[in-house]
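Open the model in your viewer and keep the selection tool ready. The tour goes stop by stop, with something to select at each one.

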Amino acid sequence: MVHEWALAEAIVEYVKSNYPNINKFKRIEILLGELQSIDEEILGFSLKEILKSENITVDELVLGEEEAVLRCRRCGHEWRLKELKLEDEVKEAIHFVPEVAHSFIKCPKCGSRDFEVVRGRGVYVKEVIPYE
Amino acid sequence: MSENMKIKIGEKDPRLMVLDKRLSKVKRILPVMSSKGGVGKTLVSVGLSLALKDLGYQVGLLDLDITNPSAHVALGVSIEKFPEEEKGIRPPLVNGVEFMSVAYYSGDSPLPLRGSDIDNAIKEILAITIWGSLDFLIIDSPPGLSDEVLDILSFFKNSEPIIVATPSPLAVNSVRKLLELLKDYNSANPLGLIENMADQPSQTIESLAAKYSVQYLGNIRKDPRIDYNIGDPEKIRGSKFFKDLSEIAQKIVQNSF
């Protein structure tokens with residue numbers, strides 16, 4: 001089982017921590033930032049398995065992708081990750097720790113590695129709706 | 001549904017929710033810290049890991065000098081391959097020490113990061129790293145009092161920082177500020193102070209330790225040949241530096257909290 005499982009565990013712990021006495025949810029929505037290229041199917045499977053083992057039911061478990069947009073801190077240029085061609089090995093390194101993107105990606109306009117990830121970095125919980 | 005039933009997004013970071021679980025099999029966490037650069041934190045971290053391993057303990061070493069990781073160089077770790085995955089990342093066993101570093105992913109390329117990115121990288125690494133049963137987790141940290149240091153002090157409960165100083169007045173001035181900062185953290189109980197590059201204990205460092213009620217763990221003599229041993233654990237083990245550090249490791253083992 002790949003490292004998506006570890007992230008799924010974190011999400012479930014997060015939900016449990018925020019709703020300690022609730023085990024029925026209407027909806028949980030997770031956003032997957034494009035930069036981290038998380039495998040949606042594997043994360044979804046991991047989430048379902050862990051939720052089941054915790055006796056937590058979710059009517060609607062939604063996983064959506066968020067496009068990655070980067071902005072250069074030196075020249076201000078903004079670009080989409082899709083505009084770049086990255087080698088598979090680089091994509092895999094970024095998959096584990098998204099910040100290593102700064103080792104491999106440079107601003108297409110000025111060549112700076114000093115950029116910010118405006119959106120689409122990694123995994124985050126967008127919405128949790130419990131049954132009251 | 002009432003508004004207050006909704007989670008305020010960003011209130012807590014999911015990745016920190018699993019930190020206790022990730023460290024559940026780790027008995028003692030020893031961050032090696034010094035606000036002064038060049039005092040030998042990385043070599044002390046690596047040497048201490050090997051010395052504790054040689055005393056028969058299970059040891060992990062985590063390099064949290066995110067923008068300038070170098071513990072892998074000192075320990076002679078190949079970063080050619082990504083670590084194996086098994087419901088997270090399993091730190092590879094290197095010379096008997098479980099070793100984790102961002103360098104497995106950034107390789108030999110520069111990794112220039114600003115504060116929030118450093119914080120994110122640390123959270124990601126802590127969330128996905130599955131440590132085995134460890135008696136000691138040694139953490140190498142960068143100089144300064146910035147993101148890595150603050151994250152170590154904030155995220156780890158019951159850590160026992162080891163502070164590294166040298167007899168230089170510059171180091172004394174810098175380390176004093178770290179000791180002052182540590183007073184603010186109930187979660188960090190300083191284990192002691194190591195005086196590196198000192199042929200004998202100096203009164204200045206011993207007084208500093210006494211002033212902050214921190215144990216003076218010992219001095220490590222200057223070892224002009226230590227740079228020739230970097231990258232080869234067997235050579236490190238044969239050094240004067242390692243002999244002195246091993247005596248300090250004995251003291252750490254005898255200190256049970």
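A residue counts as exposed when its relative accessible area is over 50%, as buried when that area is under 20%, and as partly exposed in between.

**Confidence**

This is a predicted model. The predictor gives the complex an ipTM of 0.95 and a pTM of 0.94. Color chain B by pLDDT. The mean for chain B is 93, and 95% of its residues reach 70 or more. Now select residues 1–10 of chain B. Here pLDDT stays under 50. For this stretch the model has 23 contacts beyond four places in sequence.

Over all chains, the count of salt bridges comes to 32. Select B:Lys27 and B:Asp135. Their side chains form a salt bridge, 3.1 Å from N to O. B:Lys27 lies in strand S1 (residues 26–33) of chain B, and B:Asp135 in strand S5 (residues 134–140) of chain B, so the pair ties together parts that are 108 residues apart in sequence.

**Salt bridge within a helix**

Go to helix H5 (residues 115–128) of chain B, which holds both B:Lys123 and B:Asp119. The two are four residues apart, about one turn of the helix. They form a salt bridge, with the closest N and O atoms 2.9 Å apart. Show the surface here: both B:Lys123 and B:Asp119 are buried.

Next, select B:Glu180 and B:Lys183. Their side chains meet in a salt bridge, 3.0 Å from N to O. B:Glu180 is at 35% relative accessibility, so this residue counts as partly exposed. B:Lys183, at 53%, counts as exposed. Now widen the selection to A:Glu99, A:Arg121, B:Asp13, B:Arg15, B:Asp119, B:Lys123 and B:Glu124. Salt bridges that share partners join these residues into one network.

**Two helices side by side**

Select helix H7 (residues 169–182) of chain B together with helix H8 (residues 203–211) of chain B. They pack at an angle of about 10°, with their axes 11 Å apart. Are they roughly parallel or roughly antiparallel? H7(B) and H8(B) are roughly parallel to each other, because angles under 35 degrees count as such. Turn on the side chains. From H7(B), the contact is made by B:Val172, B:Val175, B:Arg176 and B:Leu179. From H8(B), B:Thr204, B:Ile205 and B:Leu208 take part. By class, the contact has five nonpolar, one polar and one charged residues.

Most residues other than glycine have a negative phi. The last two stops go the other way.

Select B:Asn95, in the loop between strand S3 (93–94) and strand S4 (97–101) of chain B. Phi of B:Asn95 is near 50°, a positive value in a residue other than glycine. At 37% relative accessibility, B:Asn95 counts as partly exposed.

Finish at B:Met197. B:Met197 sits in the loop between strand S7 (192–195) and H8 of chain B. Its relative accessibility is 34%, so B:Met197 counts as partly exposed.

Note on methods: Residues numbered from 1 in each chain as written. Chains lettered and ligands numbered in written order. Predicted model: local features only at pLDDT ≥ 70, side-chain atom pairs only at ≥ 80, totals over all residues. Heavy atoms only, no water. pLDDT = per-residue confidence, 0-100. Contact = heavy atoms within 4.5 Å. Salt bridge = Lys/Arg side-chain N within 4 Å of Asp/Glu carboxyl O. Buried < 20%, exposed > 50% of the residue type's maximum accessible area, 1.4 Å probe, protein only. Axes fitted to C-alpha atoms, helices over the stretch in contact; angles between N-to-C directions. Parallel < 35°, antiparallel > 145°, perpendicular 65-115°, else oblique. Nonpolar A, V, L, I, M, F, W, Y, C, P; charged D, E, K, R; others polar.
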